[in-house]
Amino acid sequence: MKEFLKKCSLLACAMLTLGIMVLGAQSASAKTPLQKWGRLQVEGRNIVNSKGKKVQIKGVSTHGIAWFGQYVNKSAFKSMRKMGANTIRLALYSDKESGYSKKLYKTVDKGVKAATELGMYVILDWHILNHGNPKTDQKKALKFFKRFAKKYGKQKNVIYEICNEPNGDVKWERDIKPYAEKVIKKIRKYDKKNIIVVGTPTWSQDVDVVTQSPLEGDNICYTLHFYAATHKEIIQSKLDTAYEMNLPVLVTEFSICDASGSGSVDKKSGRKWMKILRKYKIGYVAWSLCNKPEAASLIKNTCTKTGNFKKSDLTVVGKFVTRQWKK
């Protein structure tokens with residue numbers, strides 16, 4: 001009888017130990033991106049976690065929140081996280097013609113809150129596009145980043161993208177760099193540590209140009225945008241040059257369609273781009289989280305939901321992107 005009780009006791013201990021191990025494994029797998037990585041930093045040409053290990057941002061950008069603000073919600077972001085995203089980019093267009101309004105700051109706040117509650121990283125994107133030169137809206141940009149750096153500067157999950165796609169007659173040395181220096185100075189008054197992403201000339205493609213005269217300061221990186229059906233070897237060679245010159249790069253916007261955001265989809269070119277980004281462990285954020293009837297949208301135009309998305313709700317591009325997140 002004693003031997004039987006002893007065996008039962010040993011079996012109970014073994015089962016308890018196994019249960020603890022299972023719970024521990026579940027707890028580890030249930031960690032949010034922020035819990036796993038902590039505050040991100042820039043070291044050399046790499047983005048690293050709080051322990052200095054190289055990591056890869058994988059995320060999705062909203063479309064302009066003036067038009068598609070309904071997708072800025074916790075349910076939508078949670079769906080993306082379940083599919084493999086660790087980052088949300090909040091795109092606020094900087095010109096009135098594209099719907100800019102201070103009222104949209106509340107939508108940005110809502111997006112930061114939702115991403116933070118989900119333990120995701122969140123990019124505050126000052127979405128320069130139509131005005132081309134970031135200096136055009138510099139005063140507004142300084143006020144925008146002062147407000148948000150002051151409010152969220154203590155958080156570990158916030159990233160600032162200070163000029164989406166400079167374009168037109170815009171030069172790095174003459175226009176973008178001096179703008180960036182002023183905006184970065186303003187942000188650093190309230191936030192000393194979080195990453196700041198700086199746009200590059202020609203719709204954020206000329207990262208190679210920046211290697212000749214990068215900005216001074218810590219935790220600064222530069223963005224490269226591509227649309228795989230349009231942008232191929234020439235832009236890839238620019239990225240190669242930047243990487244070889246130790247310039248830290250983050251792809252804050254891309255898709256596998258053409259540069260208009262619509263038209264043909266080029267999976268072959270998209271796969272080549274993904275291979276390069278995985279090789280260099282450069283992060284990437286897809287355009288865009290909405291159901292707009294264009295190729296770049298991740299959500300089908302026939303889908304009326306604004307959250308709790310399933311695989312069946314995704315477009316061809318959406319399925320491509322979410323497969324990449326899992327790799």
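The largest cavity in this structure is lined by Arg 45, Asn 46, Ile 47, Val 55, Val 249, Tyr 280, Lys 281, Ile 282 and Gly 283. The model is a predicted one.

**Cavity**

- The structure holds 1 cavity of 30 Å³ or more.
- The volume of the largest cavity is about 50 Å³.
- Sorted by class, the residues lining the largest cavity are 5 nonpolar, 2 polar and 2 charged.

**Largest pocket**

- The largest pocket has a volume of about 420 Å³, and 20 residues line it.
- Nearest the centre of the largest pocket lie Pro 33, Lys 36, Trp 37, Gly 84 and Asn 86.
- Two helices, α2 (33-37) and α4 (74-83), each contribute at least two residues to the lining of the largest pocket.
- The element that gives the most to this lining is α2, with 3 residues.
- The lining of the largest pocket comprises 8 charged, 6 polar and 6 nonpolar residues.

**Second largest pocket**

- The volume of the second largest pocket is about 300 Å³, and its lining consists of 18 residues.
- Glu 165, Tyr 227, Glu 253, Ala 259 and Ser 260 are the lining residues nearest the centre of the second largest pocket.
- Strand β8 (residues 220-227) gives the most to the lining of this pocket, with 3 residues.
- By class, the second largest pocket is lined by 7 nonpolar, 7 polar and 4 charged residues.

**Cysteines**

- The whole structure contains 0 disulfides.
- A disulfide requires two cysteine sulfur atoms within 2.5 Å.
- For Cys 257, the closest cysteine sulfur is that of Cys 290, and at 11 Å it is too far for a bond.
- For Cys 290, the closest cysteine sulfur belongs to Cys 303, again 11 Å away and too far for a bond.
- Cys 257 is buried, with a relative accessible area of 0%.
- Cys 290 is likewise buried, with a relative accessible area of 0%.

**Helix α6**

- Helix α6 (residues 138-152) has 15 residues, which at 1.5 Å a residue should span 21 Å.
- The expected span is 1.5 Å times one less than the number of residues.
- The buried residues of α6 are Gln 138, Ala 141, Leu 142, Phe 144, Phe 145, Phe 148, Ala 149 and Tyr 152.
- Viewed down the axis of α6, these buried residues fall within an arc of 165 degrees, so they line one face of the helix.
- An α-helix has 3.6 residues a turn, so residues three or four places apart point the same way.
- Lys 139, Lys 143 and Lys 150 are exposed on the other side of α6.

**Backbone features**

- Trp 287 and Ser 288 are joined by a cis peptide bond, with omega about 0 degrees.
- Ser 288 is part of strand β10 (residues 284-289).
- Trp 203 is not a glycine, yet its phi is positive, at about 55 degrees.
- Trp 203 sits in helix α8 (residues 201-204).
- With 40% relative accessibility, Trp 203 counts as partly exposed, a class that lies between under 20% (buried) and over 50% (exposed).
- Asn 219, also a residue other than glycine, has a positive phi near 55 degrees.
- Asn 219 is found in the loop between α9 (207-210) and β8.
- The relative accessible area of Asn 219 is 13%, so Asn 219 is buried.

- Val 321 belongs to helix α12 (residues 316-325).
- At 1% relative accessibility, Val 321 counts as buried.
- Val 321 and Gly 270 are 51 residues apart along the chain, and their C-alpha atoms are separated by 9.4 Å.

Note on methods: Residues are numbered from 1 along each chain as its sequence is written. This is a predicted model: local features need pLDDT of at least 70, side-chain atom pairs count only at pLDDT 80 or more; totals for chains, interfaces and linings use all residues. Side-chain values use heavy atoms; hydrogens and water are left out. On a 1 Å grid over the protein atoms alone, a cavity is a set of points where a 1.4 Å probe fits but cannot get out, and a pocket is an open set with protein on both sides within 12 Å along at least five of seven lines; lining residues have an atom within 4 Å of a point. Grid points are joined across faces, edges and corners, and a volume is the space filled by probe spheres set on the points. Helices (H or I, at least four residues) and strands (E, at least two) are DSSP runs, numbered from the N terminus. Ala, Val, Leu, Ile, Met, Phe, Trp, Tyr, Cys and Pro count as nonpolar, Asp, Glu, Lys and Arg as charged, and the others, Gly among them, as polar. Buried means under 20% relative accessible area, exposed over 50%, partly exposed in between (1.4 Å probe, protein chains only). The arc is that of the directions from the helix axis to the C-beta atoms.
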